[in-house]
Amino acid sequence: MMELPRLYAITDPKAYGEDFFGTLKKVLERGVRMIQLREKEISAREYYQKALKARQITREYSALLLINERVDIAIAVEADGVHLPENSLPPSVVKKLKKDLIVGYSAHNLESAIYAQQEGADFVTLSPIFRTESHPEVEPLGPGALKEVSQRLSIPVFALGGVTWDRIKLCYKNGAYGVASIRMFLS
Ligand SMILES: Cc1ncc(COP(=O)(O)OP(=O)(O)O)c(N)n1
Ligand SMILES: Cc1ncsc1CCOP(=O)(O)O
Ligand SMILES: [Mg+2]
């Protein structure tokens, strides 16, 4: 599989605002080349249409596009991959469906990160490393957990959750392959 970019932007309908695609273009203009389209509250039809447009825009920037959870939509829009939430289809099942799809996985502890690797996921996000307004009720895992997971996995681990530009170095010092974020790329 190709070497993955180190910066991974996750879209969010609220944070991206009214001009969703304008915001997406701004994130790409900043040099981000790996995008996760992440929707939790729209219909499959709307998600497909949004993914189609996101595919067209990311192609203009030669950026990777991963679709959150919906393998069918990822295949339909010729996305580069899918990003699986913790309780979604097993990565191995997705790989059987479409072996050339990049499969990311949302891990929230060491056990699920190991599961994802054993299932054939290409990378994991580990979250939340720091407190984030996306999940303010969730106790952050901290850089130490990132270090432990990065030492135990051979696939890339992206630090996610409350990552800011001035925390990137700490993430790399603790073994992160890259960093993922919603808000960091919007500020
Ligand atoms: C409705 C809804 N909200 C949040 C999640 C989070 O699941 P998670 O395993 O953190 O995966 P991501 O989608 O956040 O990457 C969910 N599954 N459903
Ligand atoms: C999608 C997701 N999963 C765990 S935290 C998070 C959002 C992180 O948002 P931010 O990078 O703005 O803290
Ligand atoms: Mg999550």
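Colleague: How many aromatic pairs does a search of the whole structure find?
Modeller: The model is predicted. Searching the whole structure for aromatic pairs gives a count of 8.

Colleague: Are the rings of Tyr-8 and Phe-123 stacked, tilted or edge-to-face?
Modeller: The ring centres of Tyr-8 and Phe-123 are 5.5 Å apart, and their planes stand at 85°. Planes over 60 degrees apart count as edge-to-face. The pair is therefore edge-to-face.

Colleague: How many residues apart in sequence are the parts that Tyr-8 and Phe-123 tie together?
Modeller: Tyr-8 belongs to strand β1 (residues 7-10), while Phe-123 belongs to strand β6 (residues 123-126). Both residues are buried. The parts tied together by this pair are separated in sequence by 115 residues.

Colleague: What angle lies between the planes of Phe-158 and Tyr-177?
Modeller: Phe-158 and Tyr-177 form an edge-to-face pair, 5.5 Å centre to centre. Phe-158 is in strand β7 (residues 157-160), and Tyr-177 is in the loop between α8 (168-173) and β8 (178-181). The angle between their planes is 65°.

Colleague: Is Tyr-177 buried or exposed?
Modeller: The relative accessibility of Tyr-177 is 15%. Buried means under 20% relative accessible area, so Tyr-177 counts as buried.

Colleague: Which residues form one aromatic cluster with Tyr-8?
Modeller: Tyr-8 pairs with Phe-123, and Phe-158 pairs with Tyr-177. One aromatic cluster holds Tyr-8 together with Phe-123, Phe-158 and Tyr-177.

Colleague: How far from the ring centre of Phe-20 is the charged end of Lys-50?
Modeller: A charge sits over a ring only within 6 Å of the ring centre. The charged end of Lys-50 sits over the ring of Phe-20, and its distance from the centre is 3.9 Å.

Key:
Residues numbered from 1 in each chain as written. Chains lettered and ligands numbered in written order. Predicted model: local features only at pLDDT ≥ 70, side-chain atom pairs only at ≥ 80, totals over all residues. Heavy atoms only, no water. Phe/Tyr/Trp six-rings, centres within 6.5 Å; stacked < 30°, edge-to-face > 60°. Helix = DSSP H or I, 4+ residues; strand = E, 2+ residues; numbered from the N terminus. Buried < 20%, exposed > 50% of the residue type's maximum accessible area, 1.4 Å probe, protein only. Lys NZ or Arg CZ within 6 Å of the ring centre and 35° of its normal.
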